[in-house]
Amino acid sequence: MTWLITGGAGYIGAHVVRAMTAAGEGAVVYDDLSTGIAERVPDGVPLVVGSTLDGERVARALADHGITGVVHLAAKKQVGESVEQPLRYYRENVEGLRVLLDAVTGAGVGAFVFSSSAAVYGMPDVDLVTEETPCVPLSPYGETKLAGEWLVRATGRAAGLSTACLRYFNVAGAAAPDLADVGVFNLVPMVFERLTHSAPPHVFGDDYPTPDGTCVRDYIHVVDLAEAHVAAARTLISSPGRALTLNIGRGEGVSVREMIDRINAVTGHDLPPEVAPRRPGDPARVVASAERAAAELGWKARHDVQDMITSAWQGWVRLHPEAARR
Ligand code: WQD
């Protein structure tokens, strides 16, 4: 099998490429390098530089490399930015997917794994989010991911494409320091950045209906997330005609304050956090039920929060050596 991995030069994509090749799958990376880094693409894995909006270039990549499956990760993913630039997010995440699916069905590709997100749930008022929890996204980003799922499932039914929509929860960590997330848009790197400048971490609200008043999330190591893609790809190939929609999380909730305490313990920093105003649209608790992924894929997360923070910190210090405590 040879898989076209769009966004394969990105933080998550680079981990998926390595997991797929380590599992013996063929991989070709398709990435416009708008946020991806070419050096993340391993030797021996072809890189085609292009946007999924360029249907001709996508179709040529599918044909030139004899692609039999696609893992689609390329997308814009900043919630705040999506509120300011909804049309850009719909163009990149929905129209880009539509053009890709058009090329995929035209080329007779048999399997399609789609990067979706817990953002499709919006503010789920449940202890554990299952795949049947109503999807009421609160941001244009979340809307584009839900619309993307609709496109993928409808195309799968119409074209006999096996599909898997993977709803990522909160991704952190790295397989190696040079593969760490270079974006500072999520809790762990945002706290690292504050500590690096000897500034107290910010807690966006401590008056939520949770045990310590801070938001609770389901953090998943990027290596476990990548392994879930391998398991999904193999499941689609072994049983054609499948249509899977799966939460990819650990099923354990960790609060912001707990995460900051863990980060202080790993980094040796001990600046007490400052409580800042709530961030609009933040749900109090979003924690996955990971039972269906276990049942359908035989996949379960193996890494814990300590692994995520330790590996993320090693990546951070590689780029910000001044952050290491003297
Ligand atoms: C986590 C918690 C913040 C920074 C987003 C996307 C979601 C998915 C994961 C792509 C929140 C709090 C943060 C800080 C804080 N991405 N926080 N101080 O918002 O749960 O989910 O990323 O698919 O789609 O919505 O992740 O890391 O931004 O925030 O208190 O300095 O940490 O309020 O409660 P989020 P996050």
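**Entry 1: ground rules**

I count two residues as in contact when heavy atoms lie within 4.5 Å. What I have open is a predicted model, where local features need pLDDT of at least 70, side-chain atom pairs count only at pLDDT 80 or more, and totals for chains, interfaces and linings use all residues. Residues are numbered from 1 along each chain as its sequence is written, and side-chain values use heavy atoms, with hydrogens and water left out.

**Entry 2: the whole chain**

I looked up the secondary structure and got 10 helices and 14 strands for the protein chain; these are DSSP runs numbered from the N terminus, helices (H or I) of at least four residues and strands (E) of at least two.

Next I checked burial (buried is under 20% relative accessible area, exposed over 50%, partly exposed in between, with a 1.4 Å probe and protein chains only). Of the 326 residues, 53% count as buried. I also looked at contacts between residues at least 6 apart in sequence, and 78% of them join residues at least 24 apart.

**Entry 3: His221**

I found His221 in strand E10, residues 219-221. Buried or exposed, I wondered about His221? His221 counts as buried, because its relative accessibility is 2%. Skipping residues up to four places away in sequence, I noted that His221 touches Ala172, Gly173, Ala174, His303, Asp307, Met308 and Ser311.

**Entry 4: Val216 and its sheet**

Val216 sits in strand E9, residues 216-217. With 6% relative accessibility, Val216 counts as buried. Its contacts beyond four places in sequence include Thr210, Gly253, Ser255 and Ala284. Val286 is also on that contact list; the two C-alpha atoms are 6.4 Å apart in space, although Val216 and Val286 are 70 residues apart in sequence.

I then traced the sheet, calling two strands paired if DSSP finds at least two bridges between them. In which order do the 3 strands of this open sheet come? The order is E12-E9-E14, with mixed pairing. Strand E12 (254-255) and strand E14 (285-286) are the edges, each pairing on one side only. E9 and E14 run parallel and are joined by 2 bridges. Opposite Arg217 I found Val286 in E14.

**Entry 5: strand E4**

A reminder to myself: strands of a sheet pair through backbone hydrogen bonds, either parallel or antiparallel. Strand E4 (residues 69-72) is covered on both faces: Gly69 and Val71 are buried on one side, Val70 and His72 on the other. Strand E1 (residues 2-6) pairs with E4 in the parallel sense over 4 bridges, and Leu4 has Val70 as its bridge partner in E4. E4 is also joined by 4 bridges to strand E5 (residues 111-117), again parallel. There, the partner of Val70 is Phe112.

**Entry 6: Ala14**

Last stop was Ala14, in helix H1 (residues 11-22). Ala14 is buried, with a relative accessible area of 0%. Leaving out neighbours within four places, I have Ala14 in contact with Gly8, Arg40 and Leu179. The C-alpha atoms of Ala14 and Pro42 are separated by 8.3 Å, at 28 residues apart along the chain.
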